[in-house]
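Grab a pencil and work through these exercises with the structure in view. Try each task on your own before you read the solution.

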Amino acid sequence: MSTITLTDVSRWFGNVVAANDVTMEIGPGITGLLGPNGAGKTTLISMMGGFLAPSAGTVLLDGASTWRNPEIYRTIGIVPETEAAYDMMTGWQFVLANALLHELEYPEAAANAAIDAVDMAAAQDRTIGTYSKGMKQRIKMATSLVHQPQILLLDEPFNGMDPRQRLHLMDLLRSLAADGRTILFSSHILEEVEVVADTIEVMVAGRHAASGNFRKIRRLMTERPHRYTVRSSDNRALAAAIIAEGSANAVSLAADRIDVEASDFGAFVHALPRLSHKSKIRLLDVTPADESLESVFSYLVAR
Amino acid sequence: MNPVIMRLTARSLLGRRRAILFALLPGILLIVAGSTRWGSSADPWATAHMLHNFAMSTVLPLVCLIIGTGAIGPEIEDGSIVYLLAKPISRTTIALSKLVVAVSTALAMGAVPIALAGAIAGDWHWKLTLAYGTSAALGAVAYTTVFFTLAVFTRNAIISGLIYALFWEGVIGGYVPGVRVLSIRQWILAPAEEIAMPQASTWGVSSQVGLSTGLVLIVITTVLAAALAARRLQTISVRGGE
């Protein structure tokens with residue numbers, strides 16, 4: 001059982017603040033690090049993995065600093081985001097080389113076990129240069145599992161995987177977590193994180209915006225004011241009907257459209273077609289005004 | 001030293017296209033040596049001239065530049081160095097293992113062909129072969145270590161190395177005497193001058209610095225560069241795709 005503890009961690013690159021006063025604890029189980037691109041996820045993972053010094057604050061692995069401390073790699077396995085590997089080697093040679101670098105007692109057996117775990121035995125004798133993106137991802141995964149690390153850090157591991165590979169990786173992460181390991185992976189897709197992570201840490205623009213299980217995060221994200229732009233054959237009548245129905249808390253009438261703000265996302269989208277049908281108003285256009293992930297996240301930060 | 005890192009480094013050095021490049025340069029050198037012998041009837045003066053102006057000033061620095069930067073630069077550039085760094089191995093061991101492979105390759109592809117070229121082009125009692133062979137061997141160690149360190153510090157290592165080898169040592173060194181004293185080329189030529197005695201001045205084998213000064217500067221530069229590379233690798237920041 002191992003824990004990574006970040007205390008008041010900041011990291012800046014010149015004038016750019018990539019991580020801003022982050023405090024979090026990553027314990028056993030699966031933790032999803034969620035945030036839009038550029039939120040500082042890779043920066044945080046780099047600091048946890050000892051590849052980047054925090055500009056301020058401390059990053060500890062079971063009480064020991066991760067910076068300038070190669071001993072942590074007996075405990076940590078890292079799946080880097082970079083696609084580059086040693087392309088002229090076969091998958092087997094590459095995983096075996098990693099086992100040898102860890103100075104394991106039975107490197108061949110360890111390499112075999114790691115390759116089996118990621119279901120790559122069939123392709124292990126092909127050179128890495130010929131692998132698809134998903135296969136590369138799995139062979140990278142095997143290199144980081146070869147020494148059976150207590151902590152596994154994965155940067156965007158689901159990128160480029162097809163749905164079957166995705167499910168396979170999720171199962172693998174679950175089984176690793178069931179052994180009491182600490183697993184942290186980053187992603188910018190909520191749906192990906194919530195199926196597999198026990199705990200979700202949300203990062204937005206370098207800040208630690210929210211923390212909790214998926215129910216809490218999902219609620220934070222859905223129970224916020226949602227804005228819609230609606231065009232219809234009779235805007236004024238529709239606006240009156242929406243207000244009367246009660247699922248929206250603000251409706252404003254513009255020249256050729258209605259702007260609606262609804263606090264209950266589900267209730268409003270169900271009510272709108274019913275209202276339109278009942279009052280015989282034709283809906284011409286319904287557009288969510290701010291459904292991008294960035295706006296969802298920035299709402300969390302502003303809160 | 002870590003044998004796995006050494007093997008991986010050798011493999012990536014010799015497996016890439018640059019391997020053809022640094023096999024090409026010694027190849028050209030041997031052809032030039034053959035034609036020098038044919039053109040001068042194996043005159044040692046012509047041999048010394050060819051080794052001095054082509055082998056030592058162009059072939060050796062370029063071979064060392066390609067090998068020294070190639071042993072670590074591409075891995076830092078594409079981020080795959082992470083696989084080596086994320087292991088319970090001291091960064092000094094990683095740096096030195098890679099450096100040893102680079103220097104050995106430079107000795108084989110730089111120093112050995114230069115000694116051979118001396119023997120092929122025409123020598124007198126193996127004097128030039130020994131003189132320039134020794135000089136090139138020292139050069140392989142010093143140049144490769146310096147260029148390796150350059151690659152650990154900057155992504156523009158090849159450009160900076162070229163500027164140093166061709167511009168600083170070649171062009172500026174031709175006009176400003178003080179610059180010559182601060183050139184690896186002059187330091188490694190000091191033992192060559194000593195070995196070629198008493199014919200050194202007849203053949204034009206000369207260095208701007210004395211033997212002991214040259215040797216001391218070579219050792220200091222090499223050790224300092226290796227230490228800097230190891231130190232830099234301890235705090236190198238590797239950030240994924242961002």
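**Exercise 1.** Find the residue of strand 7 of chain A that is the bridge partner of Val79(A).

Solution. Step 1: go to strand 7 of chain A, residues 151-154. (Strands are DSSP runs of E with at least two residues, helices are runs of H or I with at least four residues, and both are numbered from the N terminus.) Step 2: look for the partner there, and you land on Leu154(A). Step 3: zoom out to the whole pair: strand 6 and strand 7 of chain A run parallel and are joined by four bridges. That makes them a pair, because pairing needs at least two DSSP bridges between two strands.

Before you go on, keep in mind that this is a predicted model, where local features need pLDDT of at least 70, side-chain atom pairs count only at pLDDT 80 or more, and totals for chains, interfaces and linings use all residues. Residues are numbered from 1 along each chain as its sequence is written, chains are lettered from A and ligands numbered from 1 in the order in which they are written, and side-chain values use heavy atoms, leaving out hydrogens and water.

**Exercise 2.** Work out which strands stand at the edges of the six-stranded open sheet of chain A.

Solution. Step 1: write down the strand order, 6-7-8-3-9-10, with mixed pairing. Step 2: check the ends: strand 6 and strand 10 (207-212) of chain A each have a single partner strand, so one side of each has no neighbour in the sheet. (Angles run from 0 to 180 degrees between N-to-C directions, with axes fitted to C-alpha atoms, for helices over the stretch in contact.) Step 4: place the helix: helix 4 of chain A lies across strands 6 and 7 of chain A, at about 165° to strand 6. Contact here means heavy atoms within 4.5 Å.

**Exercise 3.** Now describe the four-stranded open sheet of chain A.

Solution. Step 1: its order is 2-1-4-5, with antiparallel pairing. Step 2: strand 2 and strand 5 (64-65) of chain A are the edge strands, each pairing on one side only. Step 3: strand 1 and strand 4 (residues 56-61) of chain A share five bridges, and Ser10(A) stands opposite Ala56(A) in strand 4. Step 4: helix 1 (residues 41-48) of chain A lies across strands 1, 2 and 4 of chain A, at about 120° to strand 1.

**Exercise 4.** Which element gives the most to the lining of the second largest cavity?

Solution. Step 1: this cavity has a volume of about 80 Å³. Step 2: list some lining residues, including Asn98(A), His102(A), Tyr83(B) and Lys87(B). Step 3: strand 6 of chain A gives the most, with three residues. (On a 1 Å grid over the protein atoms alone, a cavity is a set of points where a 1.4 Å probe fits but cannot get out, and lining residues have an atom within 4 Å of a point; points are joined across faces, edges and corners, and the volume is the space filled by probe spheres set on them.)

Notes:
1 Å grid on protein atoms, 1.4 Å probe; cavity = no way out; pocket = protein on both sides within 12 Å on 5 of 7 lines; lining within 4 Å.
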